[in-house]
Amino acid sequence: GAGRSRGCGVSLFAGCPWLRARTLRALSRPRPPGRVPLPVPSRSRCSPAGAPGALPPGGYRAWRERAARDPAGFWADVARGWLRWDSPFHTAWQPGDTAGSARWFLGGRLNVSVNCLDQHVEKSPNRVALIWERDEPGTAVHVTYRELQDLTCRLANTLKKYGIQKGDRVAIYMSVSPLSVAAMLACARIGAVHTVVFAGFSAESLAGRIMDSGCKAVITYNQGVRGGRTIELKATVDEAVKNCPSIKHVFVAQRTDNKVHMGDRDIPLEEEMSKADSVCPPEPMDSEDVLFMLYTSGSTGKPKGIVHTQAGYLLYAALTHKYVFDYQQGDVFGCVADIGWITGHSYVVYGPLCNGATSVLFESTPVYPDPGRYWEVVQRLKINQFYGAPTAIRLLLNYGEEWVKKYDRSSLRVLGSVGEPINKEAWQWFYQVVGEGRCTLVDTWWQTETGGICIAPRPSEEEAEIVPAMAMRPFFGIVPVLMDENGEVIEGNDVSGALCIAQPWPGMARTIHGDHQRFIDAYFKAYPGYYFTGDGAYRSHEGYYQITGRMDDVINISGHRLGTAEIEDAMADHPEVPETAVVGYPHKIKGEGAFAFIVLKEQTAHVDHIKEELKTIVASKIAKYAVPDHILVVKRLPKTRSGKIMRRLLRKVVTEQSSNMGDVTTLDDPSVVKEILDAYQKYKEKNSS
C-alpha cells in the first residue's frame, strides 16, 4: 500500500546537510511494492480475547457490557495486553473521592515513545511509520520506524542539552511534518510535556498559551507551506515570545530554504540534531504523569489547557484507532487533520503509531492545487482509511463528482467523519460518490477532553446497520445517558436531552492546567456524578445516539470549537465598540459561522471601516477562521435586569425563528427585540440586493 513517491522540491531537512543526505539515501533505497509488511502481533499483546484484533465470544455486545459492568477488570486486561510496561500497575482504576478525580493504572510505569517506536523497531525497523504528503503534489516522503526513532532520539537529546527536563513544558508551533511528530515523541521520551499550538493561530493566541502553560521552549519552523502559500511561523513566534519571559530557547527547523532572523535564544534545530546521539534512554513515566496539554475553547473567554496523561490516553487512542476504523496490519491510515488539534494527536500520531500503523501526514489543503487533491492522494498512496471533516466534504461536494471519479479509490475500505455532526447530504455524497456505496462510513463523536472517539457506528456486531449522519453506538467503556433540565436521567428511547457519560474511561482528561476547580465546574457541576459533554443528543427508537449540537456558548467553525466569549473579548478591544455579542448560525460549508452584534459609541462615523478593523483584530488575536462572517450594528443588546445578555434571542434572530422568541419577560426592556429584528431585516435586505 505504501508505495514510494520520489522527487522533492525542498528537502525534508532543508538546511541541514547531514540529515538531508541521510534522508536522500533512505529515499533512494528500493522498497518492495504492495502493502507495507506488518508483523502479526502476539496473542497476548493484541486483545483480552486472545486472537489479534478479535472480539471475544459474544462479539461487540459482550465487550461493551463487560466494560460497563466491570471497567476495572476490562481495562486491566486490555492494558496488560496492549501496552509495553516498565513496571506493571497494581490498581487498574481508582474512582476517586470527587467527580473528575478518577485515576488509572496506578503503580504502572511506561514510556509512550517506546510504545510508539521502540517496540516496532525491534520487530520491523523498515516498516513505514509516516508518509508525509507534503504541500507540493507528488513529493511524498516515507519515514520508517527506525528513521523516526532516530529523529526522535536526536531531538530529545538536543532538548536535554539545552536544559529541558522531565516535567518541563514545551510549545510546538509547526506545520504537519515528520519533524513535528518527532518533536511530540521527543518530549514524551524525556518526560517533558508538549503543548502543540495550531500553526494558524496568531502571535497573541500563541503567547497566551505559552504563558498559561509556563513553557520553557518553543519548537518551530522558519516558515510553513500550505496551499501554495508561505506562512511566517518564526516571525509569529518572535512576536509571541516578546511577552513570554519563561521561554529560554526557540528551536528553529527549516521547512524552506529561506533565511529568517535568528536571535540570541534561537537555536538551529537540525544543526544541533546532527551533533546529537541517536540513542536516548527513555524516561520511565508514571501512568498518571502528564503527557501533553492541548488548549480548547470554552464558554468563557480564556482557553482551557486540557491535560492528558500517559497510559490511559495512549491506550484509549490505540484501541479506538484499531476498532472504530477496522485497522488491519498493512493498512495505510489517512487522517488529514492537523497535529494542532486533538484529532491529529490521537489519530495521526499516538493511536496509529502505538498500533504500528503507517500514518499519513497531510500538509496541504483539500483544494490545492485543485479539488481532486484528497482523491489523488488516496490513489497514489493507496489509502485504506480516510478520516476527514464535514467542512471539507461540504466544500468538495460543491465542485461536483468529476474531481472524485477522476481517481481510483478502490483501496478505500473505511471513511470517517470528525469535528462536528455531518449533515445527511454530505454523508450521502461521501458514502455514495467517494466510497462508491461500498465503504463503511463512521460518523465519530468525541472531544478534546475525551481523548478519543466515544460514539461511532463501529465497532458493532457483524454487518450491523449504519444510519446516515448518526454517531449511533458507544465505544467500550462509554456509558452515555441523557439528562433533563432538572438533572434527572431520561429513560427510554425516542428522547432528547443533555448528553452525559456515566462512568470514567482511561482516555478522559484529568484536569485543566492550573485550575482544577474550573475543570470540575465545566464538566461535573451541571449534572453531579456525570461528565457533561456540553452537547445535546437524541436517542432513537433503536437506542442509537445522534448529536444535536452544542448547548453552551460555543460554536463549531469548520470543526474548530470556539467560545463566543473569545471573539467578544477580542472585539471589545476596539475603542469605538463598548459592547458586543456573538452567536453561531448555520453555515452551508463551515457548519457554523459567527454572527456578531455590536453597539457603537454615539457619533461614531465610518462604520464599515470599524467593521474591517474588528475583523483584523479577531484575526490577529485568535485566528482567521474566527473572524465573524457578519457584523450587525444595533443600538443596544437584549439584557436581563441583572445585565446578562440573552444570546438565545440573538440566535433566534439570525436563524429566523423570531416567531418563537419564548419568554422575554426577564428583559430589562422587551422592546429591544423589535429594534434588533428591524435592524437585522434591513441588514439582510441590503446584503441580498
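Of the 689 residues in the protein, 60% are buried, where buried means under 20% relative accessible area, exposed over 50%, and partly exposed in between (1.4 Å probe, protein chains only). This is a predicted model in which local features need pLDDT of at least 70 and side-chain atom pairs count only at pLDDT 80 or more, while totals for chains, interfaces and linings use all residues. Residues are numbered from 1 along each chain as its sequence is written, and side-chain values use heavy atoms, with hydrogens and water left out.

## Overview

The secondary structure comes to 21 helices and 32 strands; helices (H or I, at least four residues) and strands (E, at least two) are DSSP runs, numbered from the N terminus. The protein exposes about 25800 Å², and carbon and sulfur atoms supply 50% of that area. Accessible areas come from the Shrake-Rupley method with a 1.4 Å probe; for residues, only the protein chains shown count as cover. Among contacts (heavy atoms within 4.5 Å) between residues at least 6 apart in sequence, 71% join residues at least 24 apart.

## Salt bridges

Side chains of opposite charge can pair when their charged atoms come close. A salt bridge here is a side-chain nitrogen of Lys or Arg within 4 Å of a carboxyl oxygen of Asp or Glu.

| Salt bridge | Closest N and O atoms |
|---|---|
| R80 and D77 | 3.9 Å |
| E133 and R380 | 2.9 Å |
| E288 and R510 | 2.8 Å |

E288 and R510 are both buried. Salt bridges that share partners join R66, D70, D77 and R80 into one network. Within helix α4 (residues 71–82), R80 and D77 are 3 residues apart, so about one helical turn separates them. R80 is exposed, with a relative accessible area of 51%, whereas D77 is partly exposed at 32%.

The salt bridge between E133 and R380 joins strand β4 (residues 128–133), which holds E133, to helix α13 (residues 373–381), which holds R380, so it ties together parts that are 247 residues apart in sequence. E133 is buried, with a relative accessibility of 0%.

## The sheet around β4

Strand β4 belongs to an open sheet of 7 strands with mixed pairing, in the order β5-β4-β17-β16-β18-β19-β20. At the edges stand β5 (141–144) and β20 (440–443), each with a single partner strand, so one side of each has no neighbour in the sheet. On average, neighbouring strands of this sheet are turned by 20 degrees against each other, direction ignored.

Two strands pair if DSSP finds at least two bridges between them. β4 and β17 (residues 358–362) pair in the parallel sense over 4 bridges, and the bridge partner of W132 in β17 is L361. Helix α13 lies across β4, β16 (332–335), β17 and β18 (385–388), and runs at about 145 degrees to β4. Axes are lines fitted to C-alpha atoms, for helices over the stretch in contact, and angles run from 0 to 180 degrees between N-to-C directions.

## Two packed helices

Helix α11 (residues 310–324) packs against helix α12 (residues 342–354) at an angle of about 85 degrees, with their axes 8 Å apart. This makes the two helices, α11 and α12, roughly perpendicular, a label for angles of 65 to 115 degrees; under 35 counts as roughly parallel, over 145 as roughly antiparallel, and the rest as oblique. Residues of α11 in this packing include Y313, L314 and H321, and those of α12 include I342, Y347 and C354.
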